[in-house]
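The exercises below ask you to work through one protein model, from single residues to the whole chain. Try each task on the displayed coordinates before reading its solution.

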Amino acid sequence: MKRYSIYSLMILSVVFCSFYSKNNKTVSDAPVDAKDNYRQDKPKVYRYGAETAKINIGSTEIVADYRLGNKKGITLKPGIDAAINGERTAPDLVFNVKVPGGRYVMSTYAVTDTEGAKLMKEAKTKFQSLYIKIQIGSLRTTKRVVYVPWDVKRQESGKFQFNGDQQLKIWLPRGVRLEYVELAPYIPPVVPANAQNYKPGIVPPASHPRLWVNQQSLPIIKAKIQSGENLLAWEKVKKSALTPFIFKFNPEEELPYNGALEGAAETKAFYYLMTGNKQVGREAVKLMADYLSHVEFGNILDVTRQLGRAIYSAAEVYDWCYDIMTPKEKQVLYDNLMRLADDMECGWPPFNQSIINGHGNEAQINRDLLSMSIAVYDENPLPYQYTSYLVLEKLVPMRKFEYQSPRHNQGVNYGAYRFGWEMQAAWLFYRMTGHPVFDDNIKNVRKYWQYMRVPDGQMLRDGDGFTAGAPGEFYYWKAAQTMFMNYTYAADPVLKGEFERQGGLPDNPVLFLLLNDPDLKTEPSMKSLPLTMDFGPVLGSMIARTGWQIGMNSNDVVAEIKGGGYHFTNHQHADAGSIQLYYRGFQFGDIGVYHFYGTPYDFNFNKRSISHSMMLAVDPDEKYPRSEANDGGTRFNLKFPETPDETQTDPLFNNGKVVSADFGPSKLRPFFSYFNVDLTGAYSLKMKDYSRGFCFLNLDREDIPAAIILTDDMTTAKPEFKKYWQINTHNLPEKTPTGVVLHNNRGNLVGKTHMEMLIPSAADRSVEILSGPDATGVFNFRYEVPSAIQQPEAKGHRVMISPKNAGNRDRFLTVFQMTSGNTAPLPVKYYETAESYVVTLSDRMVSMSNTSALIDKGFSLKVPNDKKYQVVLAGMKPGKWNIKSRNGNVNYNASVLTGKNTIFFRAGGGEFVITPGSQSGAVLLPVDENYMPLLYDGKIK
């Protein structure tokens, strides 16, 4: 099976999220109301419908279609082939356009017939969209998308110049019925007042080069291009640079995107920068000048990524070869850089989208337009004024706040993609000036991808994703370029080892040579990383594991709980409070799959709470934006915050609050990992109070490596709001008298999870297992999984447990044990004090608060006499506490820290009284950070 990097998959996948642009309207399927064309506060819009077209009767006909506003559309006749690639000279239809001279945004409105609908249903990527060919007068023809697989009828074709009376000629594809073409005067994006008056405090140096290198860093890079692992990359660059690139084109025809040419020009320009070989540098200049003056990118979704790559490559040539270009060549490159910038999705000036989230947070501004603005700063400082304003005044302060939590809100896949471009901005500024502009906490975000890794090479699920292997297969998730940007910026030898495991950057030796330091020695092992990670307050979550062994024979368990902090929308899911568990395969977690953005399945199931392992509370009157179904989950936010203040003060973004996060006693290899989150704010006003507690226990055994104790305390506004405790899994669970048994396997290694629910009792709860179409249903609604999806999540199962009796408040106490094959689970002993649940299994005793509040009153524990126990007191109020045995042999004073709320000690049999405050004569409770599990990566250490 061919493997793809995150970067190539981002290009192949469909990401339809243009409605997140702050200045753009939501994309609509509805035709424009004709009366809108004559509103005085809008520019006049010109519409040309079927009744105004001159039809080629040999190929084309007008047919009736009730779905269209005028009830008729233009389509190819049965049996007539499309001619969008020049097969037929005569157009299928012609409109006589009469508009005032100027630039216009052209849009089309069409529906599919039976043939087209079948093609769109079978489409796997955006490249299988349907295209028309357009010609204005006698200008060059161009192909543009007219219909897309995610069934959007209105498509923006692009911006075109019209000069008075002209013919608009169109060649149609098979499968569509075109209702009209519309022309609207082009209005550039509005420049915010702060950007208009912005005077950057950091500006490019007076000399070239400025991109990736300056006069100070250039000799350092030159000195290392043949050192260590750089030598192989340099030999590749040298061979490519000295090989002529054959490029022939017809000046009368538009050129399509040519990635090979851009790569050749970049390589030759870099070779000139390193060696001073003017012949090779001149080749780079000519290639880019010829290409840039003829290339067109069309309107396929996300084409701005290819368009931006052309801008970036040209900017490198402009900067690195500046001293050997003629004034005419500089002008050609400059003019076409600005021409292409105008077609970027973020617009020019670049204020059509936010740099904080969505496509504006990708390469467009962070690399492409920033690089252009740095390169042409002498000729025109305005582009740098705009792009530096967005990065320095908008992005930098927002990320300083966000990256207090070292993970990315857009999830594993989109987070890797977008964060990689932010790192390019960080590097570009750093190399241009010699000083960092981002807060140092940007270096820690790399930890997110390290901790999300599971033993079979995949990642825990987070956000929209599209990379997964077949069940039981080793599949190593990769985002090598992002790992590269991270380890070079943070000088992290462990992440450099991860980068090398992901295959390095064989296709980007120029970037590798620009940033790689061969003196940074690789650390291939991950054993220096703590087994548990607390991700902090902004994106609250904890990942706990039993080891770092990656491979099909690994016995490691990996568990995650999320919730607390803020919701940033787009590819982030409504999953506050969700849990995931991996043991020899995914045991429970998410069963949503991502294909096309914004479809009914995507917005009603995949991104919603119901596809995650978390609690639901159904208010029958609750409505979710852009959703028809009511799953009872957390709020569905479709707006993102742009400043730290907005994030923290607008309740819309509230995703709950992390109350406690601690692990120990060893911070490297802990026995316990505890997390508690108040999730009330993540839900609507239907929720009065809800907290979830999570305690992961490393049991230090091969047969039963770990256990989890989970608490839920939920109070709704009305007792009739039905509550559902839910976990989702890949394989059909087995019901037991005490709960369910989940299972998965990795080859011949079978892993099971025995779930025992202690509260509510079996007599007080109802258990339902949903499979097949019911698993992707949202109560009365059914959503079909995209047929192209083959991931195991697509055929998942949901376990839903509800209290039999309605009530405002319900509590749940659940124990999970992970067992090897047919190993029987450990017996679970449980009792409840006035303040806490007390759960005992093996040599572990855990006390957790039995309410949503921290424990602030005294209570006692009865520890069995059969062995020495590890005791975890979780959910304790911060301050001084005393632990004293009834026989007086143990008398400890302990300090409970705010935000941690735990006490750990070892005890033999007896009754122990835990009381607030210190006692005289007591000794300070010792903490032995060398007390840790012996089993590690499957071996005794």
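Predicted model: local features only at pLDDT ≥ 70, side-chain atom pairs only at ≥ 80, totals over all residues.

**Exercise 1. A loop and its peptide bond**

Solution. Residues are numbered from 1 along each chain as its sequence is written, and side-chain values use heavy atoms, with hydrogens and water left out.

Step 1: helices (H or I, at least four residues) and strands (E, at least two) are DSSP runs, numbered from the N terminus. Step 2: on that numbering, Pro-209 is in the loop between helix H3 (193-196) and helix H4 (218-224). Step 3: the bond that joins His-208 to Pro-209 is a cis peptide bond, with omega of about 5°. Step 4: a cis peptide bond also joins Gly-664 and Pro-665, with omega of about 0°, and Pro-665 lies in the loop between S16 and strand S17 (672-678).

**Exercise 2. Nonpolar cores**

Find which residues have the most contacts inside the largest nonpolar core, and list what Trp-320 touches.

Solution. Step 1: a nonpolar core is a set of buried Ala, Val, Leu, Ile, Met, Phe, Trp, Tyr and Cys residues joined through side-chain atoms within 4.5 Å, where buried means under 20% relative accessible area, exposed over 50%, and partly exposed in between (1.4 Å probe, protein chains only). Step 2: the largest such core has 141 residues, and those with the most contacts inside it are Trp-212, Phe-270, Tyr-291, Trp-320 and Trp-449. Step 3: taking contact as heavy atoms within 4.5 Å, and not counting residues up to four places away in sequence, the residues that Trp-320 touches include Pro-209, Trp-212, Glu-266, Phe-270 and Leu-514. Step 4: a second, separate core has 40 residues, among them Phe-588, Val-677, Ala-706 and Phe-816.

**Exercise 3. Sheet order and a hairpin**

Which strands are the edge strands of the open sheet of eight strands?

Solution. Step 1: two strands pair if DSSP finds at least two bridges between them. Step 2: the strand order is S16-S17-S18-S19-S28-S23-S22-S21, with antiparallel pairing. Step 3: strand S16 (657-664) and strand S21 (734-735) each pair on one side only, and they are the edge strands. Step 4: within the sheet, strand S23 (residues 749-759) and strand S28 (residues 809-820) run antiparallel and are joined by eight bridges; Glu-756 has Val-815 in S28 as its bridge partner. Step 5: for a further strand pair, turn to S29 (residues 829-832) and S30 (residues 836-841), antiparallel strands joined by four bridges, which form a hairpin with three residues between them. Glu-832 has Tyr-837 in S30 as its bridge partner.

**Exercise 4. Positive phi in loops**

Are Ala-491 and Asp-700 buried or partly exposed?

Solution. Step 1: Ala-491, although not a glycine, has a positive phi of about 50°, and this residue is found in the loop between helix H14 (480-490) and helix H15 (493-501). Its relative accessible area is 46%, so Ala-491 is partly exposed. Step 2: Asp-700 also has a positive phi, near 60°, and lies in the loop between strand S18 (687-698) and strand S19 (706-716). With a relative accessible area of 21%, Asp-700 is therefore partly exposed.

**Exercise 5. The whole chain**

How many disulfides does a search of the whole structure find, and what radius of gyration does the protein have?

Solution. Step 1: with a disulfide defined as a pair of cysteine sulfur atoms within 2.5 Å, the search finds zero. Step 2: Cys-321 has 0% relative accessibility and therefore counts as buried; Cys-346, also with a relative accessible area of 0%, is buried. Step 3: the radius of gyration is taken over C-alpha atoms, and the globule rule is 2.2 Å times the number of residues to the power 0.38. For 941 residues a compact globule would have a value near 30 Å, and the 31 Å of the protein agrees with this. Step 4: of the 941 residues, 61% count as buried, and the C-alpha trace spans about 100 × 70 × 55 Å along its principal axes.
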